[in-house]
2 protein chains.
Amino acid sequence: MGELRFNDLDRTDAFAAVEPTLPDLGRLLDAARIESCDVDAGGGLKYNYAAKPVTSDTLTSLLDLGREQQIVEKFRALAGGAIMNTGERRRVLHHLLRGELAGRVEENGADLGAFYREQRARFGEFAENVRSGRLRGSTGKPFTTVVQIGIGGSDLGPRALHLALEHGRFSAAPSADVRLAVRFIANVDPDDAAAVLGSIDLESTLFILVSKSGTTQETLTNHAFVVEAMKSSRIAGLRPSSHVVAVTSRLSPLAQSDEFLDAFFIDDYIGGRYSATSAVGGVALSCAFGPAVFDEMLAGAHAADRAALETPIERNAAALDALIGVYERSILGFSATAVLPYSQALLRFPAHLQQLDMESNGKRVNRFGAEIHYPTGPVVFGEPGTNGQHSFYQLLHQGTDIVPLQFVGFRASQIGRDVSPDGWTGTQKLNANLAAQIVAFAKGSTDADPNKSFPGNRPSSLLYGERLTPRSLGALLAHFENKIMFQGFCWNINSFDQEGVQLGKRLAGTILDGTADDEALIRYARMLGVVK
Amino acid sequence: MGELRFNDLDRTDAFAAVEPTLPDLGRLLDAARIESCDVDAGGGLKYNYAAKPVTSDTLTSLLDLGREQQIVEKFRALAGGAIMNTGERRRVLHHLLRGELAGRVEENGADLGAFYREQRARFGEFAENVRSGRLRGSTGKPFTTVVQIGIGGSDLGPRALHLALEHGRFSAAPSADVRLAVRFIANVDPDDAAAVLGSIDLESTLFILVSKSGTTQETLTNHAFVVEAMKSSRIAGLRPSSHVVAVTSRLSPLAQSDEFLDAFFIDDYIGGRYSATSAVGGVALSCAFGPAVFDEMLAGAHAADRAALETPIERNAAALDALIGVYERSILGFSATAVLPYSQALLRFPAHLQQLDMESNGKRVNRFGAEIHYPTGPVVFGEPGTNGQHSFYQLLHQGTDIVPLQFVGFRASQIGRDVSPDGWTGTQKLNANLAAQIVAFAKGSTDADPNKSFPGNRPSSLLYGERLTPRSLGALLAHFENKIMFQGFCWNINSFDQEGVQLGKRLAGTILDGTADDEALIRYARMLGVVK
């Protein structure tokens, strides 16, 4: 890391040189531009930025910015084990879960990649035992349901990935017909656990308790809820410890407990929101679909990781996506970004990206703790198309603010069942809408009635592939992780901590331990029935 | 409507008089303020704006604005049948679904309220026949599952309400133990229908096809999908027409069809996103929980509607919520709003509000079609707490932009099953977190490490009640509908049309009917496999 420079965005030469221009997308966007703005993103995905407000001058400046902020060099250093989570003095190694990008990463002589591979082999074998019925519940029933108990990164990523794959019949040999249902409990609101427990059979359910620290309030409370439910069920022979595995770090209280059937480990170098490709997502997904499907997803993520090391950066999809986003956010001043997957299976992928992006880059100090003076991470939201078209697209087309858009699409449907009542399949209609939206947002249209006019010049990009498979899903996940990381490098912030979650946690703690001394806090706690 | 004035926000005296001041919430927020900023919102809900950036001077100006824009008078005119959806020359009558607010509403001598009551009685009786098993599928099996096919307002509201009630055991006598499952198909992506159909038994499923116009592309395609699935199932005696009811307008193609078991009607005065309390939501909810539960929900909505007619407007919760939102958006310049229900049952309520708000107020021309020069509707997003705390709250606390927050909370859990492994129930922990977040956002905190400092002064409001019941849920829904309507009056826009959805639809149509002549559009359609 000796040669890496860490400068705030507004201290770079490239930033000073970028002109904030919003070109006329209606004139710019033609077939030739669409072809020339198409970049390989790895894992079968392509990134197209033809409908982004980027002239060749702007692009030149942005590429300069990427080089000046050394975004690919910093990624290579990070992948090689540099302490890039500076505040917490930690390495950032989620890429290593998928494979080596910059050789072995060692710590005190130990190969950290080997540790991740070992855990993956362990939970893969465990999953096969669950799927084959060799491992059963305490009353002898095979497991048919997996319930993941976790919150934040232990919930959103695994849940989004599970939903993305659950209907695709990707279950691999030799047990292709095994389909374990997966459910999730996250919220400390007891209605979450109560609803899930009301719909499952405890005897055939395996619980996965996920907390890196082993101290997450929500997750421990929900574990207590589940254990209480098993005890009060009065089912003869039902032993909670035979129905719960833990995913945690080796040093956490959970790792020392004998309340679990087994435990799988991550370490401090896997941040919560970056942990979906670790045991945090891997145990449940391997149980549901088989370890081979999980491996394919990791291979797709690894391919996208390799693509994010590509230079020159005009061929690097994640870097381009990041740089254009920085331009839109910090130079053009747009405050939100919508993620719009035209794929029903990706229905909760935007919720995962919302955490990934807003928790990583919603920062107001640089990586050395000094206040910065430009906008960083945007508000991120989104729903699948075409659903969103019938919801919030009105504002996107005709609202007073411009919201940059990030479309995702696939040429083929995932399940492969379709109808064409009027000569066109549902998939064709879906993608005709996607194509139409890109053009409608870019070009707008005028009408004698101003209420039916569209200003256009509303920028979007498109990530697209053949079909949503474990491989392309892994690539999609990694593309966004890498985009967000690159943006953090541009902004000179630490995208890998989350100190902003601490204050609320601390104040809630003062109510519960009786040390609350803020009268407003006590008043709200009374209004809400927490204290008398 | 003779005396009503319609002026743009920036042409009002009150707007010119409002000072854009962000007071120090850390100093302002104390127990006395919390008590004085608490207003009845109807249906058992209260609205508290103590943590909003509103001094008494600001409040005075905002109340002036509300009076000058005649927001309550306009609501009364609207409820009485005035043509408030000016562009489309339509009345706006969703309040009348819940009860009369301003006497009978007549059209050509007909009582429009009687029409809504008649439809409600018809689908209530239909639902009882389904629930009792008197009405059965074509092969003789009782219905156990209801699948709603609809998109946008025919999906988001009904889905959010169903999720909010499905675990609460609100099912009413005489069939308190009947529990019909409800599923939804919305997306034209065939993976949506394929996944739902893969998980149900056709013989015991009732489909509700919902499209006011009867021409919604997604919904007709999904209907074809379902009919094709029934035909190809080769189940002897399975007749599609005995398994599908329609919800539509009397003049739509669906109303004339003999493909349906029955049809229930709405009219042009019920906008899609405002239709959850009509047959659009009512058929499915009445089948699932019984008509009495649906009636209770409507009673709650009606109570909130009445509260929104309250004057002086310092006692009107929806009006205050609206005015403060206009202040934050158009005067302080904040571009987004997060809706944060501390209730797992409200997990998709923010998605409904996202449509309700962004489709209603994402407008750039006034109600006469003239361009306006101030920000209107914000980006709306949200997830339930405490889940969101572990996701995007980092940006809300420490990001570079201020995002106003709208918290929702209940003193008691809905299902009533809870644990207290450490002396506190899950519900107490949930609400301790809610109280703590309000104070943390408002007051912030300083730390020697700037990365651990919180700037504070991030405004929030709180809507709260005793428990999430059909009644309080109805009130919650209506509160937001009315807030959004009042904001539209302040901004002088038409909150009841959605011309912004047309262009994309039209361009998609040109691909499918072969008239596309934009080369970029054709190129994207090729890339996405729609055309060769």
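Mentor: Two strands pair if DSSP finds at least two bridges between them. Strands here are DSSP runs of E with at least two residues, helices are runs of H or I with at least four, and both are numbered from the N terminus. The model is predicted: local features need pLDDT of at least 70 and side-chain atom pairs pLDDT 80 or more, whereas totals for chains, interfaces and linings use all residues. Residues are numbered from 1 along each chain as its sequence is written, with chains lettered from A and ligands numbered from 1 in the order in which they are written.

Trainee: What makes S12(B) and strand S13 of chain B paired strands?

Mentor: Six bridges join S12(B) to S13(B), residues 460-465, and the requirement is at least two, so they pair. The two run parallel. Within S13(B), Ser461(B) is the bridge partner of Gln406(B).

Trainee: How many bridges join strand S10 of chain B to S12(B)?

Mentor: Four bridges link S10(B), residues 336-341, to S12(B), again in parallel. Here Val339(B) stands opposite Gln406(B). Helix H15 (residues 426-443) of chain B also belongs with S12(B) and S13(B), in a β-α-β unit that is right-handed; with the strands pointing away from the viewer, the path from the first strand over the helix to the second runs clockwise.

Trainee: Why is Leu395(B) called buried?

Mentor: A residue is buried if 20 or more other C-beta atoms, placed from the backbone, lie within 10 Å of its own, exposed if 12 or fewer do, and partly exposed in between. Leu395(B) has 29 such neighbours inside 10 Å and therefore counts as buried. Leu395(B) lies in helix H14 (residues 393-398) of chain B. Apart from neighbours within four places in sequence, it is in contact with Met358(A), Gly362(A) and Gly377(A), where contact requires C-beta atoms within 7 Å.

Trainee: What makes helix H10 of chain B largely enclosed?

Mentor: Eleven of the eleven residues of H10(B), residues 279-289, are buried, so the rest of the structure largely encloses this helix. Just after H10(B), Gly290(B) adopts a positive phi of about 95°.

Trainee: Is strand S12 of chain B covered on one face or on both?

Mentor: On both: Leu405(B), Phe407(B) and Gly409(B) are buried on one side, and Gln406(B), Val408(B) and Phe410(B) on the other. In a regular strand the side chains alternate between the two faces of the sheet.

Trainee: Which strands of the six-stranded sheet in chain A are called edge strands?

Mentor: The sheet is open and mixed, in the order S1-S2-S13-S12-S10-S11 of chain A. Strand S1 (38-42) and strand S11 (379-381) of chain A each pair on one side only, and these are the edge strands. S1(A) pairs with strand S2 (residues 45-48) of chain A over four bridges, in the antiparallel sense. In that pairing, Asp40(A) stands opposite Lys46(A).

Note on methods. Contact = placed C-beta atoms within 7 Å.
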